[in-house]
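Here is a short briefing for a first look. Keep the sequence and the 3D view open while reading.

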Amino acid sequence: MTRQTIVVPDIGGAEGAEVVELLVAVGDAIELEQSLIVLESDKASMEIPASHAGVVVELKMAVGDQLSEGDAILILDTSAAYSDGAVASQQEASSNDQSAVSSDTDLVSNQHVDEGGERVAVSADPGATAGRAVLERIVEVPDIGTDGDVEVVELCVSVGDMIGEGDSVVALESDKASMEVPSPAAGEVLELLIAEGASVTQGAALIKLSVREGSLPAATATSATAIAADSTDTAVKPSPTVATANPASEVSAPVVSAQPSSSVSADMSDLYVGPAVRKLAREFGVDLKAVKGSGPKGRIIKEDLHAYVSQRLADPAARAVSVGSGIPEVAEIDFSKFGPVRHEERSRIDKVTATNMSKSWLNVPHVTQFDDADITDLEAFRSSLKAQAEQRGSKLSPVPFIIKAVAIALNANPKLKSSLAEQGDVLVYKDYCHIGMAVDTSNGLVVPVIRDADKKSVWELSDEIRGLAAKAKDKKLKPDEMQGAVFTVSSLGNIGGRGFTPIVNTPEVGILGVSKASTQPAWDGSAFQPRTMLPISLSYDHRVVNGGDAGRFLTYLVALLSDIRQFAMN
Ligand code: CAO
């Protein structure tokens with residue numbers, strides 16, 4: 001087997017991007033460039049492609065981990081047989097290789113499937129690819145240093161959860177200590193075998209876990225007993241924990257720890273708190289060391305956290321710090337009082353956008369100015385280019401013309417592309433013209449950046465806009481493709497609306513909102529003429545841009561859009 005560690009490639013300098021989705025599992029045969037995981041940074045989601053083909057033998061991270069360039073994602077078996085599209089045939093070969101099955105089976109035929117307090121079964125997995133076994137594993141209460149009962153004070157997982165090795169399964173409380181029982185392996189929770197409040201002793205079954213072969217902890221491998229189901233025995237054994245072996249499975253034996261995992265998580269020694277409360281504390285931004293626990297042995301329970309937060313909010317001094325500017329908060333309402341409701345966790349991008357919008361709204365004195373550009377000639381010209389666009393294999397929307405015109409207008413009005421520095425004492429003028437373009441994606445609003453928009457032709461801008469928008473929608477944008485804009489264009493023209501007041505994307509000082517063009521009657525001095533009018537709105541930071549600056553910029557922009565021959569002069 002040739003093991004190849006696949007690492008996070010250059011993701012444009014994003015540090016600590018969160019793993020939000022695993023797209024492959026141990027045992028999967030993957031192709032070159034196949035997406036492995038989805039990472040989410042503050043700015044974007046991106047799928048990380050495989051740099052080699054092969055079979056996944058080990059995952060080196062889990063959902064929720066923070067990864068940076070060079071961090072390991074997984075280990076692939078890239079043996080020649082697995083690469084170059086030979087994956088399927090290799091699997092076929094291994095599934096038919098009964099001699100390999102027997103030899104491994106011989107090795108383990110005397111082993112019990114109930115070993116060291118953790119019962120394991122190899123199950124048939126109709127969905128599994130050949131070469132990958134699925135184990136059902138009962139996680140039990142390990143040696144907790146007492147013969148007496150301990151109470152299950154918290155269930156940390158639910159059925160269907162994908163959990164990582166070491167993730168807490170339950171929190172237990174004895175008369176001596178609180179402790180969390182970590183999962184000995186990564187997998188999916190199939191069944192909860194215990195309820196909160198139950199009294200348990202060592203060996204009691206807690207949950208049933210479905211574990212992919214190979215995802216068992218590496219640390220246990222050295223002291224482990226190799227177990228494989230007898231491939232000749234396809235009957236379900238009487239034990240509830242034993243299922244059939246998948247006769248088609250490759251039989252590199254799953255490895256099972258002979259010892260249960262350690263029972264007490266390290267930081268429980270000085271702080272008794274369950275993972276659910278820890279998670280809540282992280283969401284509130286509360287340092288748990290400041291919270292007094294009222295549970296047995298000083299355990300911090302949810303009620304302690306709520307009381308702490310309420311008390312902090314009631315304290316005017318703390319409040320000024322925690323909610324900034326002393327702005328009264330909007331009270332949360334229990335909407336279920338009025339009818340059925342559904343709660344959905346927001347994407348990280350949505351949450352970051354919300355924070356950035358609030359930050360800009362609260363810090364930047366916004367003014368929005370409106371105008372209409374007569375784009376009748378622009379539209380006629382654009383229509384005349386339809387065939388040419390088709391020949392080039394693309395489509396030409398009004399947006400590249402708008403970006404081109406904005407770039408020209410920005411260079412003529414550089415204050416609109418400046419930023420404040422040194423607490424507002426200094427203005428930074430930029431001699432480049434990178435323009436951000438808001439893109440609406442299923443994952444939230446992202447703003448890829450068109451570099452040097454002022455130096456590109458309308459065709460080049462069109463291609464780049466389409467490319468960036470497609471990448472944004474496919475979560476393929478890198479962080480550096482979303483950095484460095486001097487100004488943003490937010491076009492809702494393809495969606496509709498007569499005008500809106502966009503929020504400045506700080507530290508930029510201006511943003512252009514583009515609404516839907518429509519045919520309007522325009523008075524030419526003797527009669528009304530049908531003209532195509534494009535409503536645009538400019539929001540600006542009034543600390544930097546005054547009405548005169550904004551008026552000049554917008555008037556010039558309207559002139560450019562109304563007479564695109566001007567483009568040729570710039
Ligand atoms: N008026 C009328 N029609 C317009 C228009 C306008 N201002 N702008 C675009 N259109 C039309 C085009 O003519 C084209 O129609 P045809 O195919 O009939 O010619 C269609 O809309 C093209 O739409 P598109 O989405 O494929 O391409 P686009 O270049 O217009 O827009 C992009 C690209 C990325 C800006 C857009 O897809 C998008 O995501 N917009 C939303 C941005 C957003 O959410 N802003 C709000 C941010 S603040 O919350």
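**A strand contact and its sheet**

A29 stands opposite V55 in β6. The model is predicted: local features need pLDDT of at least 70, side-chain atom pairs count only at pLDDT 80 or more, and totals for chains, interfaces and linings use all residues. Residues are numbered from 1 along each chain as its sequence is written, and side-chain values use heavy atoms, with hydrogens and water left out.

**Sheet**

- β3 and β6 (residues 54-59) pair in the antiparallel sense over 2 bridges.
- Two strands pair if DSSP finds at least two bridges between them.
- Strands (E, at least two residues) and helices (H or I, at least four) are DSSP runs, numbered from the N terminus.
- The open sheet holds 4 strands in the order β1-β8-β6-β3, with antiparallel pairing.
- β1 (3-7) and β3 (29-30) are the edge strands, and each pairs on one side only.

**Aromatic pairs**

- The count comes to 3 aromatic pairs (ring centres of Phe, Tyr and Trp, its six-membered ring, within 6.5 Å; planes under 30 degrees apart are stacked, over 60 edge-to-face, the rest tilted).
- Among them, F381 and F401 are edge-to-face, at 6.4 Å centre to centre and 75° between the planes.
- This pair links distant parts of the chain: F381 lies in helix α7 (residues 376-384) and F401 in helix α9 (residues 398-412), 20 residues apart.
- W523 and F528 also form an edge-to-face pair, with 4.8 Å centre to centre and 65° between the planes.

**Exposure**

- F401 is buried because its relative accessible area is 2% (buried means under 20%, exposed over 50%, partly exposed in between; 1.4 Å probe, protein chains only).
- F381 has 40% relative accessibility, so F381 counts as partly exposed.
- W523 counts as exposed at 52%, and F528 counts as exposed at 55%.
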